[in-house]
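This briefing concerns the nonpolar core and the pockets of one protein model. Please consult the sequence and structure shown here.

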Amino acid sequence: MTTAKRKLDHIRICLDRGVEGGWQPFEDVALVHRALPEIDAAEIDSRCRFLGKELAFPFMITGMTGGHPETKEINVNLALAAQEVGVAMGVGSQRAALENSEVEETFSAVRDAAPTIPIIGNIGAVQLVREGPEVIDRLAEMIEADAVAVHLNFLQESVQPEGETEARGAMAAIRAASDGRVPIIAKETGAGICREDALALLEAGVEVIDVAGMGGTSWSGVEAYRAEERGDGESAVMGRLFWSWGVPTPVSVVECASAGAEVISSGGVRSGIDVAKSIALGARLGGAALPFLRPATEGSSEVVGALRAYERAFRTAMFLTASRDLSALESAPFIVVGRTREILEERGFDSKKLSIYREMSR
Ligand SMILES: Cc1cc2nc3c(=O)[nH]c(=O)nc-3n(C[C@H](O)[C@H](O)[C@H](O)COP(=O)(O)O)c2cc1C
């Protein structure tokens, strides 16, 4: 099966089937409500800088697609909306364009539609090993990218019979690519990144990590559906078994931030409240993919509507936590309960003193 065809399958399944996680770890995190914020909502400043450019609020649409002619419209709708609202955007894996240059325009159209926002390229770690570090510059040039995400999706690859599970050498390839023209972002795709891997990535020269943790789109789940469709019962069982495997997103944010990384919190970030929780937990940015897929198949104004809903909820959460700007939100008090708290405690974090780890990472 070609890379482009597989990508269309993924989009169809994500649109038609329930592909999200078994539990929602952001429900275990609550920001402390302030009944007397003593600021006017209108004076709240939610702006931030990311990759040298200003965003209206700390958010990005993370990489989904490109590579098949039918995906160009989705990418353009996402890009037009991200540009209008003022958030960052990632493209999906550019591997298909390396295999067939005719589909390059399904990616480059993003920069044409969004001239001034941060755009992030995308390639899998296994492809990076194969192609060598020079490929990063090529991918960046294709879309005038501000950074390139190297995605780590070994869970998904493990569930596909055709999966590429040659993980050896990935860290060396990331190290070799990390002093190129544009920064590298290490990115999971729904299973999260732990502190051990974050420390190794930082040591290899990566500064930004998109945790893409457990709690949102399950790529093991998507592959389970694909396996069922082609009558591959064994892979379907595997996909369902590993459905909720991984580091829950809020835990992954704390683990990577405590290691010193600049963190993008994604994986089940389903509202502006989850973005606000992410910033309080130590992330620089929140991000999401799946919630923007259906709007992007409809039109750019539908994507703008979805982004504005995130922005409004984010600014409201800032108001109700008495956070006039992002540095105030970064130190807003929060509580962590339930399974997420237990995991954090078992991993050695004192959930009552999480801010101490945040201070250590600065
Ligand atoms: C349709 C679709 C396609 C995706 N394709 C890619 C991809 O090519 N490269 C990548 O790094 N992540 C890809 N992702 C993963 C997302 O960027 C994100 O990490 C993951 O879906 C978790 O975020 P969510 O829960 O908000 O969807 C894709 C996600 C979706 C929904």
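The model is predicted, so local features need pLDDT of at least 70 and side-chain atom pairs count only at pLDDT 80 or more, while totals for chains, interfaces and linings use all residues. Residues are numbered from 1 along each chain as its sequence is written, and side-chain values use heavy atoms, with hydrogens and water left out.

**Nonpolar core**
- The largest nonpolar core holds 113 residues; such a core is a set of buried Ala, Val, Leu, Ile, Met, Phe, Trp, Tyr and Cys residues joined through side-chain atoms within 4.5 Å, where buried means under 20% relative accessible area (1.4 Å probe, protein chains only).
- Helix 15 (residues 300–320) gives the most to this core, with eight residues; helices are DSSP runs of H or I of at least four residues, and strands are E runs of at least two, numbered from the N terminus.
- Ile-136, Ile-209 and Phe-292 have the most contacts inside the core.
- Beyond neighbours within four places in sequence, Ile-209 is in contact (heavy atoms within 4.5 Å) with residues including Ile-185, Ile-193, Leu-201 and Val-263.

**Largest pocket**
- Its lining has 43 residues, with Lys-7, Gly-63, Gln-156, Thr-189 and Trp-219 nearest the centre; a pocket is an open set of points on a 1 Å grid over the protein atoms alone, where a 1.4 Å probe fits, with protein on both sides within 12 Å along at least five of seven lines, and lining residues have an atom within 4 Å of a point.
- Helix 1 contributes the most to this lining, with six residues.

**Second largest pocket**
- This pocket is lined by 14 residues, among them Leu-152, Glu-188 and Ile-193.
- Helix 8 supplies the most to the lining of the second largest pocket, with three residues.

Technical notes
Buried < 20%, exposed > 50% of the residue type's maximum accessible area, 1.4 Å probe, protein only.
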